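Please read the following report on selected parts of one structure, with the sequence and the 3D view at hand.

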Amino acid sequence: MKRPGLLIALCTTVVVCSSVFWGALPAAIMIGVVFFTLQTASAQADELPALRVSDNGRFLVKDDDTPFFYLGDTAWSLFERLDREEVDFYLEDRASKGFNVIQAVVIFEGGIKPNVYGHEPFIDKDPSRPSEAYFRHVDYVVDKAESLGLYTGMLPVWAGTHIRSDQGLFNSSNIPATRSYGRFLGKRYRDKPIIWILGGDWPGEGIEDICNAMAQGLAEGDDGRHLMTYHPRGGQASSTWFHNDAWLDFNMIQSSHSIRNRNYDMVDSDYKLKPVKPVIDGENNYENITDGLKNIGPDVPILSAFDVRRPAYCGVFSGAAGHTYGCSEIYQFWVPGMPKASWGSSIHWKEAINLPGASQMQYLRNLIESRPMLTRIPDQSIIVGDPMRTTDRVQATRDLGGSYAFVYIASGKPVTVHMDKISGTEVKAYWYDPRDGTSQFIGQFPDTGVREFTPPSSGIGNDWVLVLDDAAKDFPTPGSGTL
């Protein structure tokens, strides 16, 4: 997606033009032309790199083969409900907190609704006739995200509302319109940092022909430049219907919203599939939502920052190529006066944007990026004894060659590990705090036998990561820098 030499070419054009027209144009105008040209060239030169699947099939990488850790935020209704000032506010916040993918739906739930400026996505509600006014606002969001280093995980339409085999905006009777819409999106965003996410809270069963038509249209429009996946309903995985389809570059699961979330089992299941494809939990515990999406009430727990952190670390350590955060108020950009879902929305989204779980996601990304990413594998055999389940879960991952290992301990209980899983003769050990991204050096130990480590604090909400490094590798402090 980058255009090497574009800046030089445009500057040369300016110089040539100036030699011809300088005498005919006022100096101020000529300077303005030069400034505008340089600004445009600089913006284009800084385009985000294209993404692809790594050679080992487990991760995502940029076009220069450097690792890309997918850290998404769930902003389903972004295109519909925010004006441009609000778009800027939201995206700038998410960029500052280390997110690099924003998941948003072009046509979200409910009927075919206008955006905040009153523009509907289609002329006369005809999906083969996209509205230019509506998509100019989508353009603005995508461009703003790109300027901040953010990729847009774009869902063409929310399948949970608009795709059915026999009815709905897209159905088996209007396959040509589905393909046409996909082609329109693909062509329009061909040169933009997009990740296509089909589906939207819906199983693929019975709508395979519609999804295949959408995927085909997108690929025709963008020449197959962008990664593609599918967002299923809670407790489901894209692999159930589309794993062997060539258009599905990586699998996405929705482990859903529960204090007892066990996304590590779902990730592990997809990790073991053949052919090998990356997997990401694209929707899991939303911060500030009720446990199990139960009706809000005095005895119903609300998911906390800890409930968000636990599936993030467990999912990634069990083999995921990234993770997506979510918040009850943010996905819908809830404001007082809007209807409340049964699972509750109690604070303005501009307040919810500062909930602690969102800020803490960057510490997971920082940790993963501070060690070699593309050779990381899940490995529970590091742990001596029972890894336990849910809120007490212990989840381990390590480098294939043994240069490092991470052990996530959900409730801060002592953990015993096999030290010989680490290469070399000496092991450096650290405690990494998922709440603030800081590290504490524990000590240096022989790479033999087993050893028990006791975290600095324990109990629900006191999660820790034990970091074990081959001392000879001289890695930076955990979470402190990108390799």
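In helix α14, the buried residues are G357, A358, Q360, M361, Q362, Y363, L364, L367, I368 and E369. Buried means under 20% relative accessible area, exposed means over 50%, and partly exposed lies in between, with a 1.4 Å probe and protein chains only. Helix α14 covers residues 356-369, and because 10 of its 14 residues are buried, the helix is largely enclosed by the rest of the structure. Helices (H or I, at least four residues) and strands (E, at least two) are DSSP runs, numbered from the N terminus.

This is a predicted model, in which local features need pLDDT of at least 70 and side-chain atom pairs count only at pLDDT 80 or more, while totals for chains, interfaces and linings use all residues. Residues are numbered from 1 along each chain as its sequence is written, and side-chain values use heavy atoms, with hydrogens and water left out.

Two strands pair if DSSP finds at least two bridges between them.

| Strands | Bridges | Sense |
|---|---|---|
| β15 (residues 394-399) and β16 | 5 bridges | antiparallel |
| β16 and β21 (residues 464-470) | 6 bridges | antiparallel |
| β1 and β2 (residues 60-62) | 3 bridges | antiparallel |

T397 has F406 in β16 as its bridge partner, and Y404 has D469 in β21 as its bridge partner. A hairpin is formed by β15 and β16, with 4 residues between them. In the turn, G402 has a positive phi of about 85°.

**A sheet of three strands**

An open sheet is made of 3 strands in the order β1-β2-β3, with antiparallel pairing. β1 (51-53) and β3 (67-68) are at the edges and have a single partner strand each, so one side of each is left without a neighbour in the sheet. Opposite L51 stands K62 in β2.

**Two crossing helices**

Two packed helices are described by the angle between their axes and the distance between the axes. The axes of α5 (residues 132-147) and α7 (residues 175-188) come within 12 Å and cross at roughly 45°. α5 is therefore oblique to α7. Angles under 35 degrees count as roughly parallel, over 145 as roughly antiparallel, 65 to 115 as roughly perpendicular, and the rest as oblique. Axes are lines fitted to C-alpha atoms, for helices over the stretch in contact, and angles run from 0 to 180 degrees between N-to-C directions. Contact means heavy atoms within 4.5 Å. E132, F135, R136 and D139 in α5 meet Y181, F184, L185 and R188 in α7.

**Two buried residues**

T229 lies in strand β8 (residues 228-231) and counts as buried, at 0% relative accessibility. A polar atom of the T229 side chain lies 2.6 Å from the backbone oxygen of F250. With a relative accessible area of 0%, M419 is buried. Not counting residues up to four places away in sequence, the residues that M419 touches include V427, F445, P446 and D447. M419 and W241 are 178 residues apart in sequence and 41 Å apart in space, C-alpha to C-alpha.

Conventions: Polar contact = N/O pair within 3.5 Å; in protein donor to acceptor, adjacent residues only side chain to side chain.
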